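Thank you for sending the two-chain model for comment. My remarks are set out below as numbered points.

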Amino acid sequence: MAKTRTHAGRSIAAHAILLTYTLIALFPVFVIVINSFKSRRAIFAEPLMPPMPGNWDLVGYTTVLEQGDFFQYFLNSMTVTVASLFFVLLFGAMAAFALSEYRFRGNLLMGLYLALGIMIPIRLGTVAILELMVSAGLVNTLTALILVYTAQGLPLAVFILSEFMRSVSDDLKNAGRIDGLSEYRIFFTLVLPLVRPAMATVAVFTMIPIWNDLWFPLILAPSEETKTITLGSQVFIGQFVTNWNAVLSALSLAIVPVLVLYLIFSRQLIRGITAGAVK
Amino acid sequence: MASRRPVRWHIGVFLAPAVLVYTAIMIIPLFGTLNLSLYNLDGQNRIFVGLANFATLFGDPRWSGAFWNALWNNCWFFIIHMLVQNPIGILLAALLSSPRLRMAAFYRTAIFIPTILSFVIVGFVWKLILSPIWGIAPGMLGAVGLQSLFAPWLGKEEYALTTLALISVWQFVGIPMMLIYAALLSIPDDVIEAAEMDGLTGWSQFWKIKLPLILPSIGIISILTFVGNFNAFDLIYVAQGALAGPDFSTDILGTFLYRTFFGFQLQLGDPHMGAAIATAMFGIILVGVCIYLFGIQTRLRRYQF
């Protein structure tokens with residue numbers, strides 16, 4: 001009897017703490033989104049009231065959509081993220097396969113060399129990267145961003161994927177070799193499908209920092225045609241500091257796509273983190 | 001034996017793309033930056049000056065004040081993360097991993113949401129909420145009778161940096177939470193059952209059994225926090241601008257590097273001093289990582305199940 005009571009008490013305390021923290025985590029986002037649908041007067045008079053027929057006003061959204069080319073920014077972000085992700089996963093998986101499958105001289109050294117980038121941020125090479133991109137004529141192109149993000153994502157991808165590839169059974173690969181499959185066929189048709197969960201983990205870890213990065217778009221591709229959505233909203237919001245309706249709507253427009261994507265993939269994300277990242 | 005084996009070209013083919021891109025975009029520029037920090041302009045020509053840029057950076061009063069200020073601010077930024085973010089992350093993970101907890105998936109998903117938002121969103125959202133003009137923060141403090149505690153935190157020199165560090169903690173607490181949560185889940189059930197047999201439950205079980213087992217994960221989190229913090233830039237830039245106001249009180253190494261390299265207002269950009277700052281950051285991160293790898297990680301006891 002006493003035991004069940006302490007159990008119940010402990011679980012209530014746990015729920016209380018978790019619920020409090022959940023409120024802290026969600027409250028700021030919630031306040032911004034509800035106020036973006038309200039009139040200027042209601043934003044200031046009753047900031048915590050949900051939007052209702054009396055205070056409903058979409059003036060913020062109309063201002064934002066007239067001014068900034070948000071659709072173009074969104075498209076740029078998509079292009080950069082998807083292309084970088086593709087190259088990180090393909091090149092990373094190939095290198096991880098070579099490191100985990102074959103014994104050759106310098107294998108360990110190559111692994112260490114590729115892992116160096118996990119600890120040292122690519123940002124510190126910015127000065128030289130900019131000079132390189134200027135001399136290659138790639139400034140203000142999405143290609144520059146894709147190249148940088150591919151290099152940035154590779155170390156972690158190779159590290160995680162090679163751990164996983166060591167666990168793929170040798171018998172399967174040797175059976176393939178006996179059947180006369182080339183090493184390339186073994187990689188693409190036998191090994192890649194088996195490490196799909198690890199690829200999902202790597203994809204998530206690579207994607208979030210690329211989508212949210214402000215530093216490289218600001219330095220390598222600040223022109224109107226190549227702005228990513230993160231840079232676009234930063235510049236745009238900066239211009240409208242005093243127009244509260246527009247600022248709140250711009251923030252909501254920047255939050256919602258990421259939030260929807262996250263809620264769709266959150267199950268895979270959490271499974272990926274808890275299954276692979278720390279082992 | 002080895003001489004009879006044909007050259008295995010496929011190894012090269014598998015390795016080449018990753019190694020080429022990584023070397024060309026990451027390693028060579030990194031060394032380029034280190035190299036550039038040894039040069040300076042003499043009129044129009046780039047000349048080799050050895051370590052003179054570093055002497056200027058650490059010793060010349062025009063530069064060293066700003067540098068030491070940024071370095072100290074950066075350390076404070078890191079201290080706040082270690083003292084607030086990681087304990088909260090561990091607490092949340094410990095609660096989430098208790099076996100009979102309902103709605104664990106909901107909490108996990110919700111608490112991780114700030115982590116997926118960009119710095120731009122996070123910076124502006126908190127700027128609005130803490131703004132004295134809008135009045136959400138003073139209004140909420142007023143509701144619990146604490147309105148007198150409110151101050152325009154982001155605008156006061158003595159509070160601004162701590163406030164920004166706490167905002168960053170709010171954003172990233174999901175990462176330690178997830179990593180510790182994963183580590184706690186991987187503790188085998190028989191270890192827990194044996195502890196329960198011995199009468200260890202609840203918090204004493206956490207302190208005596210689980211915490212020692214997850215120490216390696218806490219080490220990884222600390223080093224990730226360190227690298228992330230000494231490389232931070234975006235949040236400060238979004239919330240306070242490149243000048244890291246008020247009066248440079250929120251200036252950290254990242255914003256200092258940006259200002260030096262690209263210039264701001266009346267000061268011209270200086271790639272050589274910028275490279276010197278980047279090299280100093282590189283050195284700091286390298287020293288921190290080495291202290292961790294050789295001083296701490298080798299002393300952690302690992303348990304195999």
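This is a predicted model: local features need pLDDT of at least 70, side-chain atom pairs count only at pLDDT 80 or more; totals for chains, interfaces and linings use all residues.

The points begin with the contact between the chains and then take up each chain in turn.

1. The interface. In the contact between the two chains, 64 residues of chain A meet 63 residues of chain B. On the chain A side, the most is given by helix α1 (residues 2-35), which supplies 13 residues. By class, the residues of chain A that touch chain B comprise 49 nonpolar, twelve polar and three charged.

2. An unreviewed UniProt entry lists "transmembrane region" for residues 12-34, 73-99, 111-130, 142-165, 186-211 and 246-265 of chain A. Two of these spans may be set against the model. Residues 12-34 of chain A are 100% helix and 0% strand, with 30 Å between the end C-alpha atoms. Residues 111-130 of chain A are 70% helix and 0% strand, and there the end C-alpha atoms are 27 Å apart.

3. A helix pair in chain A. Helix α4 (residues 70-101) and helix α10 (residues 196-212) of chain A pack at an angle of about 140 degrees, and their axes are 10 Å apart. The crossing of α4(A) with α10(A) is right-handed. From α4(A), the contact draws on A:S77, A:V80, A:T81, A:S84, A:L85, A:V88, A:L89 and A:G92. The partners from α10(A) are A:M199, A:V202, A:A203, A:T206, A:M207, A:I210 and A:W211. Ten residues of this contact are nonpolar and five are polar, while no charged residue takes part.

4. A:T189. Is this residue of chain A buried or exposed? A:T189 has 11 C-beta neighbours inside 10 Å and therefore counts as exposed; the cut-off for that class is 12 or fewer. The residue belongs to helix α9 (residues 183-194) of chain A. Between the C-alpha atoms of A:T189 and A:L142 there are 31 Å, the two residues being 47 positions apart along the chain.

5. Overall form of chain B. Chain B contains 13 helices and two strands. The C-alpha trace of chain B spans about 80 × 75 × 30 Å along its principal axes. Of the 305 residues in chain B, 38% are buried. Among contacts in chain B with a separation of 6 or more, 67% join residues 24 or more positions apart.

6. For chain B, UniProt (unreviewed entry) gives "transmembrane region" at residues 12-32, 76-96, 105-126, 132-154, 161-184, 213-236 and 274-295. Residues 105-126 of chain B are 91% helix and 0% strand in the model, and their end C-alpha atoms lie 26 Å apart. For residues 161-184 of chain B the figures are 96% helix and 0% strand, with the end C-alpha atoms 33 Å apart.

7. Helix α9 of chain B. How many of the nine residues of helix α9 (residues 189-197) of chain B are buried? The number is zero, so this helix lies largely in the open. Just after α9(B) comes B:G199, which has a positive phi of about 85 degrees.

8. B:I88. This residue lies in helix α3 (residues 61-96) of chain B. B:I88 has 19 C-beta neighbours inside 10 Å and so counts as partly exposed; a buried residue needs 20 or more.

9. Positive phi outside glycine. Two residues of chain B deserve a look at the backbone. B:M103, which is not a glycine, has a positive phi near 60 degrees. It is found in the loop between α3 and α4 (104-116) of chain B, and B:M103 counts as exposed because it has 12 C-beta neighbours inside 10 Å. B:F248, also not a glycine, takes a positive phi of about 60 degrees. This residue is in the loop between α11 (234-240) and α12 (253-262) of chain B. With 18 other C-beta atoms within 10 Å, B:F248 is partly exposed.

Technical notes: Residues are numbered from 1 along each chain as its sequence is written. Chains are lettered from A and ligands numbered from 1 in the order in which they are written. Axes are lines fitted to C-alpha atoms, for helices over the stretch in contact, and angles run from 0 to 180 degrees between N-to-C directions. Helices (H or I, at least four residues) and strands (E, at least two) are DSSP runs, numbered from the N terminus. A crossing is left-handed if the near helix is turned anticlockwise from the far one by less than a right angle, and right-handed if clockwise. Two residues are in contact if their C-beta atoms, placed from the backbone, lie within 7 Å. Ala, Val, Leu, Ile, Met, Phe, Trp, Tyr, Cys and Pro count as nonpolar, Asp, Glu, Lys and Arg as charged, and the others, Gly among them, as polar. UniProt positions are given in the numbering used here, feature names are shortened, and annotations may be inferred rather than shown by experiment.
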